[in-house]
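User: Please take a close look at one part of this structure, the site around the ligand. Keep it brisk.

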Amino acid sequence: MASAYSSDAAYPPAIDDAECRRLIQAIKDWSIAKGLTVRPPPAAVSATETELASTLAMTAPVTLFPSPFPRSCFIEAQGAQQAYNELYAMISQDEAFLSRIVAEVAGGDDFTTQLWGVHERVKAEGYTHKHSLGIFRSDYLVHQETTESGREHLQIKQVEFNTIAASFGGLSGQTSELHKFLAKTEYPLLQASSKIATAIGYSLPDNTSSKGIAAGLEAAFEVYNRSETTHNDLPRCIVFLVQDGERNVFDQRHIEYAIDAPVFRVPFSRILQQTSVDASSPRRRLLYHHLCASGSARGTAGTIFEVAVVYMRAGYGPSDYPDESAWEARYQVERSSAIKCPTVLTQVAGTKKVQQVLATPSEATTSELGRFVADADRQATLRRTFANIYPLDTSSAAGRQAREWAQDPAACRKFVLKPQREGGGNNYYKDKIPAHLQTVPTEHWASYILMELITPPPVVNLILRNGQIEQGGVICELGIYGTCIWSNGDGASNNSILRNEAAGYLLRTKGDQSEEGGVAAGFGCMDSVNLV
Ligand code: ADP
Ligand code: MG
């Protein structure tokens, strides 16, 4: 195992130019044939060819070989997922706790405040939904530490927990399949690698992410059908709320096509045109109006569906809410009886402030974590995956200490500073922290968290991106998906959980010089684990 992480490792195997070209061609064909694809960026298609653009796909950036990943860490991360599902289902039901979180970040974070406003409006009139669906992804890096006795110790550490629009579950299953295919057909032909190829073949775990996520959505559809019995006059459907011009559409399509129920895609910007709340039903059921050929949204009875589940692949950041009508749209969804994935409460549960409150080291005997997860073993499972995270408030000792570290030119090098945002590109690393904080009024500092940097072991790989090979040191981020369904309003207890499943994994890999991840953002790429 150690050799996979040392700089002179024979992994990935050395390949000559001809072998590299062969591998690239094999990957391109497989990716297009099997939908390991994204839409080309608009800039790659000329303005006169907009019709053509909608017929095009290109290969998603991907590693030539599955990256080595410590088996023990992979098993540990998978083993923690059900505990994480339960934890976030419990947090989602603790409105008082979440309202304290929102109050703490309110000063510097209008978005979370506005989101909370939607919850308060619905709370005032009374929620009508009976159940919630979580499609979660817990993200990790492997932390490598040298112990006092000089031994290298590897431990999985959580980067963040995603409760909304956790992406790549569709493409990650395909990536595992691609690497399995290469291990069967191409790697054994490489001069340097026949032994390695055989070994890889046994080290690639199955990855059922798209099926697992689809199964969660289907289960929610069934739960709605069983529990909403007042009306049965309309066919029922699942709605995916998506962003306009989404390039990562095939990732979403893989999940959609694995669902055995009608699924419709509605752009977040068109919610008010394509859906309505049935005014005649006290349950406030959500209706989906399928566009007729003429383009008008309101059709005959045959084109109206009752929405059982709303799966949000949009709505997680300020750019999806350019004006008041976007907030009205979110309110319309929230106040309906449809099962939301996620509700506003679950979205707020996924803020980095919540992660910090759970993970701040504390002397206190009663931790926040303990309030949500009673079982001591489950608590320990979760706690082992926490990196140290600190608040930047003035009311706690941890916060005051963190403020000092964040401003100190030497101490800040151990940390990353994060605002309450999703979607990449928002963090400040190491010595950029003090300078950034200087631009933020001190009364807004409490809306940030300060997190210790996780230091992964060095791994080398080759990345195929836009037809070109990039080679060098990489960092691999593991995501474990989970699906969870719970009933609302019975008071938070484990009994409220109807479904709790792990659902496959994602490995995203980026060059070790880039601090932000994210394939869609152009930095990271798809990968799969070669367990070592
Ligand atoms: P986002 O919501 O933007 O995805 P993340 O918390 O996942 O925010 O941070 C983005 C990226 O920054 C991660 O994918 C990871 O590569 C890097 N990162 C975040 N936290 C840490 C950390 N504690 N140590 C090392 N890298 C980190
Ligand atoms: Mg992230």
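Analyst: What follows is a tour of the ligand site, then of the sheet beside it in the discussion.

This is a predicted model: local features need pLDDT of at least 70, side-chain atom pairs count only at pLDDT 80 or more, and totals for chains, interfaces and linings use all residues. Residues are numbered from 1 along each chain as its sequence is written, chains are lettered from A and ligands numbered from 1 in the order written, and side-chain values use heavy atoms, without hydrogens and water.

Start with the shell. Ligand 1 is surrounded by 21 residues (a residue counts if one of its heavy atoms lies within 4 Å). The closest are Lys-418, Gly-424, Tyr-429, Glu-477 and Lys-510. By class, the shell holds 10 charged, 7 nonpolar and 4 polar residues. Here Ala, Val, Leu, Ile, Met, Phe, Trp, Tyr, Cys and Pro count as nonpolar, Asp, Glu, Lys and Arg as charged, and the others, Gly among them, as polar.

Next, the polar contacts (pairs of N or O atoms within 3.5 Å). The side chain of Glu-477 places an N or O atom 2.5 Å from an oxygen atom of ligand 1. For the side chain of Glu-160, the distance to a ligand 1 oxygen is 2.8 Å. Arg-421 uses a backbone N or O atom, 3.5 Å from an oxygen of ligand 1. Taken alone, ligand 1 exposes 550 Å², and the protein buries 94% of that (Shrake-Rupley areas, 1.4 Å probe).

Where does ligand 1 lie relative to the domains? Domain 1 (17–387 + 462–531) and domain 2 (391–453) both give residues to the shell, so ligand 1 lies between them. The bounds come from an automatic or database domain assignment.

Three strands each supply at least two shell residues: β6 (152–162), β14 (415–418) and β16 (449–452). Strands are DSSP runs of E, at least two residues, and helices are runs of H or I, at least four, numbered from the N terminus.

Two of these strands belong to an open sheet of 4 strands, ordered β13-β16-β14-β15 with antiparallel pairing. β13 (389–391) and β15 (428–429) are the edge strands, each pairing on one side only. Pairing requires at least two DSSP bridges between strands. β14 and β15 pair over 2 bridges. Tyr-429 of β15 is the bridge partner of Val-416.

Lys-430 is not a glycine, yet has a positive phi of about 45 degrees. Most residues other than glycine have a negative phi.

Terms used: Polar contact = N/O pair within 3.5 Å; in protein donor to acceptor, adjacent residues only side chain to side chain.
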